[in-house]
Amino acid sequence: MESIGAVKEKIVWASRVLFERGLIEIYDGNVSYRFSEEYYIITPSHIAKNALTIDDLVVVYFNDRWVNVKGLRPSVEFKMHKLIYQKFKNAKAVVHAHNPYVVALTEIIPNIDEALMEATGETKYYIPDGISIVPRLPPGSLELAQAVAESLKGPNSLAILKGHGVVGVGETIEDALHRVLVAERNAKIVYIESLFKTSLK
């Protein structure tokens, strides 16, 4: 089992990767890891992801009590993470980002979940439990948290939140992050293919 220090470093690293890849702005997105059956560790609310430190991370207990050495609050989406962990006992990490290509294409490509899964041959191995789609709901709301948890197909899956972003779930932070990155890469592939199909008509 990884140490709590190593887990915190990976959460910070994953947040910076999302920012550097253009999948979040400085206050966007959230990353968490379930360290035990009693609590999970999550990124804070309204703290720049490109300058995040391990002391900024918040420990949230499953009774919704939280602790942070700086007095920071957890991400507004902390209940979404909680409900995902409660649904899937094998899920250890949740990564939520605002992938621009995925969000845009979801509005214009029919069956975008299938299109993303079929974009590359290896996607079925990277997202083995598949992709689901969640309707537009207010960010940070209990309704959104419940809808995301209910829609996810397994502990190694991804959900697209219409007009919002994506949520990747996995047994490690790397796996959950990879699913988010793969979704955006595949969305770019689908977009490029659509341009050529249109130009050839």
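I took buried to mean under 20% relative accessible area, exposed over 50%, and partly exposed in between, with a 1.4 Å probe and protein chains only. By that rule Lys-82 is buried, because its relative accessibility is 14%.

The model is predicted, so I kept local features only at pLDDT of at least 70 and side-chain atom pairs only at pLDDT 80 or more, while totals for chains, interfaces and linings use all residues. Residues are numbered from 1 along each chain as its sequence is written, and side-chain values use heavy atoms, with hydrogens and water left out.

**Salt bridges**

I counted a salt bridge where a side-chain nitrogen of Lys or Arg lies within 4 Å of a carboxyl oxygen of Asp or Glu. The count came to six.

I looked up Lys-82 again and found its partner to be Asp-64, with the closest N and O atoms 3.1 Å apart. Asp-64 sits in the loop between β3 and β4 and Lys-82 in helix α2, 18 residues apart, so the pair links distant parts of the chain. For elements I used DSSP runs, numbered from the N terminus: helices are H or I of at least four residues, strands are E of at least two. Asp-64 is partly exposed, at 25%.

Next I checked Asp-56, which pairs with Lys-70 at 2.7 Å between the closest N and O atoms. Asp-56 is in the loop between β2 and β3, and Lys-70 in the loop between β4 (66-67) and α2 (78-87), so this bridge ties together parts 14 residues apart in sequence. Asp-56 is buried, at 5% relative accessibility.

The side chains of Lys-10 and Glu-2 meet at 2.6 Å, N to O. Lys-10 is partly exposed at 21%, and Glu-2 is partly exposed at 33%. Shared partners join Glu-2, Lys-10 and Glu-174 into one network.

**Chain start**

I noted Met-1 in the segment before α1. Met-1 is exposed, with a relative accessible area of 81%. Its C-alpha is 9.3 Å from that of Phe-35, 34 residues away in sequence.

**Nonpolar cores**

I defined a nonpolar core as a set of buried Ala, Val, Leu, Ile, Met, Phe, Trp, Tyr and Cys residues joined through side-chain atoms within 4.5 Å. The largest has 39 residues, and Ile-11, Leu-116 and Val-180 are among those with the most contacts inside it. Elements that each supply at least two of its residues include α1 (4-20), β1 (30-34), β5 (93-97) and α7 (173-199). The largest share, nine residues, comes from α7.

I listed contacts (heavy atoms within 4.5 Å) for Val-180. Leaving aside neighbours within four places in sequence, they include Leu-18, Leu-23, Val-95 and Leu-158. A second, separate core has 24 residues, including Tyr-40, Ile-84, Phe-88 and Val-94.

**Thr-43**

I placed Thr-43 in the loop between β2 (39-42) and β3 (58-61). Thr-43 is buried, at 0% relative accessibility. Not counting residues up to four places away in sequence, Thr-43 touches Ile-11, Gly-29, Asn-30 and Ser-75, among others.
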